[in-house]
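Reader: I have a new model to look at. Where do I begin?

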Amino acid sequence: MNANKILDERFGEKGTKEREQFRDKAFSYYFGEIIKNRRKELHMSQESLAEKIGKKRPYISRIENGEDIRLSNFALLANALGLSIQLKPE
């Protein structure tokens with residue numbers, strides 16, 4: 001069984017509300033992991049990262065735990081962590 005069939009069975013077919021909710025949660029988790037791993041690579045605390053972008057430490061914690069993130073805040077975090085964001089057509 002391939003990954004798409006497993007996802008179809010567990011979360012519905014592509015385009016369904018359930019599948020889109022799963023996709024959104026998966027992206028939020030993935031972005032949170034990238035931010036957390038990069039912060040740790042740079043030996044930064046959540047507190048110091050929060051100060052660098054003008055937020056509070058609990059905000060960084062929520063992002064690293066997969067809470068949805070606004071694009072403008074994602075850009076702030078990426079810049080503070082020396083990450084680039086690349087958008088390209090599929």
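Author: We will go from the fold to the core. Keep in mind that this is a predicted model.

Reader: How many helices and strands does the protein chain have?

Author: The protein chain has 5 helices and 0 strands. Along the sequence the pattern reads α-α-α-α-α.

Reader: Is the protein chain compact or spread out?

Author: Compare its radius of gyration with the globule rule. The rule gives 12 Å for 90 residues, and the protein chain has 15 Å, well over that, so it is more spread out than a compact globule. Its C-alpha trace spans about 45 × 30 × 20 Å along the principal axes.

Reader: What share of the residues counts as buried?

Author: Of the 90 residues, 28% count as buried. The protein chain exposes about 6,900 Å², and carbon and sulfur atoms supply 51% of that area.

Reader: How do I read the nonpolar core?

Author: In soluble globular proteins, nonpolar side chains tend to be buried together. Here the largest nonpolar core has 13 residues. Those with the most contacts inside it are Ile35, Leu49, Ile60, Ile63, Ile69 and Leu77.

Reader: Which helices each supply at least two residues of this core?

Author: They are α3 (46-53), α4 (57-64) and α5 (71-80).

Reader: Take Ile60. What is it in contact with, leaving aside neighbours within four places in sequence?

Author: Ile60 is in contact with Gln46, Leu49, Ala50, Ile53 and Leu77.

Reader: And the charges?

Author: The protein chain has 18 positive and 14 negative charges. Their mean positions are 4 Å apart.

Notes: Residues numbered from 1 in each chain as written. Predicted model: local features only at pLDDT ≥ 70, side-chain atom pairs only at ≥ 80, totals over all residues. Heavy atoms only, no water. Helix = DSSP H or I, 4+ residues; strand = E, 2+ residues; numbered from the N terminus. Rg over C-alpha atoms; globule rule 2.2 N^0.38 Å. Buried < 20%, exposed > 50% of the residue type's maximum accessible area, 1.4 Å probe, protein only. Areas by Shrake-Rupley, 256 points an atom, 1.4 Å probe, with all protein chains shown as cover. Lys, Arg positive; Asp, Glu negative; His and termini not counted. Charge placed at Lys NZ, Arg CZ, Asp CG, Glu CD. Core = buried A, V, L, I, M, F, W, Y, C linked by side-chain atoms within 4.5 Å. Contact = heavy atoms within 4.5 Å.
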